[in-house]
Amino acid sequence: MKTPVLLSLLACAGLLAACDSTPRERQEVVERETQKLDTLAERAADKLRVAGRRAARFDSVSRVRNRQPLDPAAELALTGELLGPYATISSLTPATIEPAFVHFMQQVRARRKQWSQRDWDYATAVSRRLNAQFRAVRLDIKGRDELHIRALQTEFTALETGRDVKDLGQAVKNK
């Protein structure tokens, strides 16, 4: 109950203080404050324009990179590195697909901080092929293994998206 009374007293004090100034003085204060707000708005708009241009440039570079085909030899090499004994994706069975995903994600976690966006492109290609094989054998996979694979797929997507967001943030800030 004390808070509404205190607010009322403060409002009355503000009104009394306003009575100590002339309308012209109050108008000058309002104009000065309006100019300050306009200046802040202009600065914010400039920063948004710059950030927008940088984000568009980042997007353009990403599109150009995505249009470039992956080198089959490099993709094969990375498949071997990321999948180890499970590198022959087409031969993965319902019994070996879950361990292949586990191995893949262990390697992704270990290497991701050193990867460029292009490295992520190759890892995504491996992930797509692994996911295609998963879909081919999914009906014969145990429920708990399928659930684990789904969690690993989600983790990969989250790591990849996190890297994209980080790179976009850096591009908007730095360039």
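1. Methionine 105 contacts Leu152, Glu155, Phe156 and Leu159, leaving aside its neighbours within four places in sequence; contact here means heavy atoms within 4.5 Å. Methionine 105 is found in helix H4. Helices (H or I, at least four residues) and strands (E, at least two) are DSSP runs, numbered from the N terminus. At 1% relative accessibility, methionine 105 counts as buried. The cut-offs are under 20% relative accessible area for buried and over 50% for exposed, with partly exposed in between (1.4 Å probe, protein chains only). Methionine 105 and phenylalanine 156 are 51 residues apart in sequence, yet 7.1 Å apart in space, C-alpha to C-alpha.

2. A word on the source. This is a predicted model, in which local features need pLDDT of at least 70 and side-chain atom pairs count only at pLDDT 80 or more, while totals for chains, interfaces and linings use all residues. Residues are numbered from 1 along each chain as its sequence is written, and side-chain values use heavy atoms, with hydrogens and water left out.

3. The overall layout is helical. The protein has six helices and zero strands. From the N terminus on, its elements run α-α-α-α-α-α. Of its 175 residues, 28% count as buried. Among contacts with a separation of 6 or more, 74% come from residues 24 or more positions apart.

4. Helix H4 covers residues 97-111. Its 15 residues reach 21 Å from first C-alpha to last, close to the 21 Å expected at 1.5 Å a residue; the expected span is 1.5 Å times one less than the number of residues. Its buried residues include Ile97, Phe101, Phe104 and Val108. Their cover includes helix H3 (72-83), helix H5 (117-137) and helix H6 (143-174).

5. Phenylalanine 101 touches Leu130, Asn131, Phe134, Ile149, Leu152 and Gln153, not counting residues up to four places away in sequence. Phe101 is also one of the residues with the most contacts inside the largest nonpolar core.

6. That core has 24 residues. A nonpolar core is a set of buried Ala, Val, Leu, Ile, Met, Phe, Trp, Tyr and Cys residues joined through side-chain atoms within 4.5 Å. Ile97, Phe101, Phe104, Met105, Val108, Leu130 and Phe156 have the most contacts inside it. H3, H4, H5 and H6 each supply at least two residues of this core. H5 gives the most, with seven residues.

7. Helix H2 spans residues 23-67. It has 45 residues and reaches 65 Å from its first C-alpha to its last, close to the 66 Å expected at 1.5 Å a residue. The buried residues of H2 are Ala51, Arg54, Phe58, Ser62 and Arg65. What covers them includes H5 and H6.

8. The largest pocket holds about 260 Å³ of space. A pocket is an open set of points on a 1 Å grid over the protein atoms alone, where a 1.4 Å probe fits, with protein on both sides within 12 Å along at least five of seven lines; lining residues have an atom within 4 Å of a point. The volume is the space filled by probe spheres set on the points, which are joined across faces, edges and corners. Of the 15 lining residues, Arg65, Asn66, Asp121, Thr124 and Glu160 lie nearest the centre. H2, H5 and H6 each supply at least two residues of the lining, and H5 gives the most, with seven. By class, the lining has four nonpolar, five polar and six charged residues.

9. Arginine 163 sits in helix H6. At 17% relative accessibility, it counts as buried. Arginine 163 touches Arg112, Trp115, Ser116, Gln117 and Trp120, not counting residues up to four places away in sequence.

10. Threonine 79 lies in helix H3 and counts as buried at 1% relative accessibility. It touches Gly84, Ala87, Ile89, Val126 and Arg129, not counting residues up to four places away in sequence.

11. Two loop residues deserve a look. Serine 90 lies in the loop between H3 and H4. It is exposed, with a relative accessible area of 61%. The C-alpha atoms of serine 90 and leucine 130, 40 residues apart along the chain, are separated by 8.4 Å. Leucine 139 lies in the loop between H5 and H6. At 75% relative accessibility, leucine 139 counts as exposed.

Key:
Ala, Val, Leu, Ile, Met, Phe, Trp, Tyr, Cys and Pro count as nonpolar, Asp, Glu, Lys and Arg as charged, and the others, Gly among them, as polar.
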